[in-house]
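Morning, everyone. I have one structure to show today. Let me put it up.

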Amino acid sequence: MNPRKLPRILILTAGYALLHLASLLAALWLRFDGDVPARVWAGVRWVATPYTLLSLVGYLAAGLYHDLWRYAGTASLFQVLRGVSLSAGALLAVYFIPATRPFPASVIALTWLVQLVGLGGARLAWRLARESTLGRARERARPALVIGAGHAGARLVQDLRRGA
């Protein structure tokens, strides 16, 4: 592993762990209309650590630690979908370990949905902020005309707009 990437990986890991826990808490809040029973809180405390660790491994397997924010597009969308689905699978696996279920099964689906919106939204916000920051270079940009280049031309125009 490249030592220069270690701070980025640690920040991503902390952010992803917070996202997992926040998604689980938001799903519980949605499921119980803000009045989560004490029995469920006890189950969540038991589930939180293994769920977070397994989810982080799922995010790594989905490729969410690589090339992540700069080129957010369709491929990135599928990475997010794969990572969030692996995370929901981890929650499902941890859900069936104890003899009594720690919370209703609907919390798993809600957690998946909240994670999808949270992670996808964060990536989209990053890309939009990055493009608006790079958009300031347009003041000194010169007009260009691309003729007859098909898909390659469209890609070239996108790259030129990004300042790449």
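This is a predicted model: local features need pLDDT of at least 70, side-chain atom pairs count only at pLDDT 80 or more; totals for chains, interfaces and linings use all residues.

The chain has 5 helices and 0 strands. Read along the sequence, the pattern is α-α-α-α-α. There are 164 residues, and 32% of them count as buried. The accessible surface is about 10,600 Å². Carbon and sulfur atoms make up 67% of that surface.

Now helix α2. It covers residues 38-62, which is 25 residues. From first C-alpha to last, α2 reaches 34 Å. That is close to the 36 Å expected at 1.5 Å a residue.

Where does α2 kink? Look at valine 47. The kink there is about 40°, and it lies shortly before proline 50. Valine 47 is also one of the buried residues of α2. Others on that list include Val44, Ala48 and Tyr51. Further along the helix, the buried residues include Leu56, Gly58, Tyr59 and Ala62. Just after α2 comes glycine 63, with a positive phi of about 85°.

Last stop: alanine 42, also in helix α2. Is alanine 42 buried, partly exposed or exposed? Its relative accessibility is 38%, so it counts as partly exposed. Buried would need under 20%, and exposed over 50%.

Now find phenylalanine 103. It sits 61 residues from alanine 42 along the chain.

Terms used:
Residues are numbered from 1 along each chain as its sequence is written. Side-chain values use heavy atoms; hydrogens and water are left out. Helices (H or I, at least four residues) and strands (E, at least two) are DSSP runs, numbered from the N terminus. Buried means under 20% relative accessible area, exposed over 50%, partly exposed in between (1.4 Å probe, protein chains only). Accessible areas come from the Shrake-Rupley method with a 1.4 Å probe; for residues, only the protein chains shown count as cover. The expected span of a helix is 1.5 Å times one less than its number of residues. The bend at a residue is the angle between axes fitted to the seven residues ending there and the seven starting there.
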